Amino acid sequence: MASWKLTLPCTRAEAEAIEADELGLLGIEPTPVLMTSERVEDDPDSWQLDAYFESKPNSGALEAVARLVPSAAGTKLVPERIRDADWVTLSQAGIEPVHAGRFYVHTGTNKGAVPEGAKTLRIDASVAFGTGTHETTSGCLLALDRHKRSGAVVRNLLDLGTGTGLLAFAALHLWPRAYATASDIDPNSIEVTAANADLNGVALGGGAGELVLAAAAGMDNPLLVGRGPYDLIIANILAGPLIELAPSICASLAEGGTLILAGLLEGQAEAVLSAYRQQGLRPVARTDRGHWPTLTLVKRYRYGAPRVRRRSQGRGEAPGFGSW
């Protein structure tokens, strides 16, 4: 059985927009894996998009991919037939390992030389966003690493818009006894995250040190609300949804809790910060990777010291369950 590859020229701006938009593939059938790379080093107008299909794409699928890169208008859409063995190798060949903080993220075909003492995570190319190579994902890894080094204790965390599960895995490595939840609007991402959890030795389940998965749009899910409040929420999505979801995200964040936001461009940071300031959060740190900032905020206490919470009675419940 053969696979197919379509290559189109694009600009760096188009490539970054594709990487940031994890919903951009939903209307394309069959769903391809998209890879972007430089054709000419340091030339923002000389990039390329490679789309890998598991079966021969029809004209509608080819045109849908072409619409992602308007600068390629007029380019003849001719997919190349490749062997299945090449499908795996080629789709991952352009993904270099990423070293961010204490984390080292690699694919199955390109592990490279692991830095001494680094925590390795294997994330292969897939239909889900978040291999670690994009600045938004590596920025979140650095923010998580900084949060741990500050002495923070996390007991209940949420990775909202998890993509491949990478950030949830990293957070569980830092706080291995935490209750953890990962959600995504795309059910495919949840399937990918489950497979990656098995690949990286992350246990699925509702207990301490385990990961619960949910397909959900934003916070609109009883499971996500019920497992709150969270003392750490990571949301690596897009600026528009981040602003729209600010009230519901902040409602599920515990007082004194930390929120890590990414997926926004540098020109969008102030609008995103304004939305969260209005919900009682204050910014405490910012990490810029290229044109992509990662924001860390803390939710203010409303009435002085933290309130006492009733702990679960050995039932393996998340800290928020049964609180008052």
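I took two strands as paired where DSSP finds at least two bridges between them, with strands (E, at least two residues) and helices (H or I, at least four) being DSSP runs numbered from the N terminus. The model is predicted, and I kept in mind that local features need pLDDT of at least 70, that side-chain atom pairs count only at pLDDT 80 or more, and that totals for chains, interfaces and linings use all residues. Residues are numbered from 1 along each chain as its sequence is written, and side-chain values use heavy atoms, with hydrogens and water left out.

I followed seven strands through an open sheet of mixed pairing, in the order 10-9-8-11-12-14-13. Its edges are strand 10 (211–215) and strand 13 (281–289), each of which pairs on one side only.

**Strand 10 side.** I found strand 9 (residues 179–184) running parallel to strand 10 and joined to it by five bridges; Asp184 has Ala215 of strand 10 as its bridge partner. Helix 6 (residues 187–199) packs on the sheet and touches strand 9 and strand 10 (contact means heavy atoms within 4.5 Å). The direction of helix 6 makes about 160° with that of strand 10, where axes are lines fitted to C-alpha atoms, for helices over the stretch in contact, and angles run from 0 to 180 degrees between N-to-C directions.

**Strand 12.** I noted that eight of the ten residues of strand 12 (residues 253–262) are buried, which here is under 20% relative accessible area with a 1.4 Å probe, protein chains only. Six bridges join strand 12 to the parallel strand 11 (residues 230–236), and Leu232 is partnered there with Thr258 of strand 12. Towards strand 14 (residues 292–299) I found four bridges and an antiparallel run, with Leu261 opposite Leu295.

Technical notes
Buried means under 20% relative accessible area, exposed over 50%, partly exposed in between (1.4 Å probe, protein chains only).
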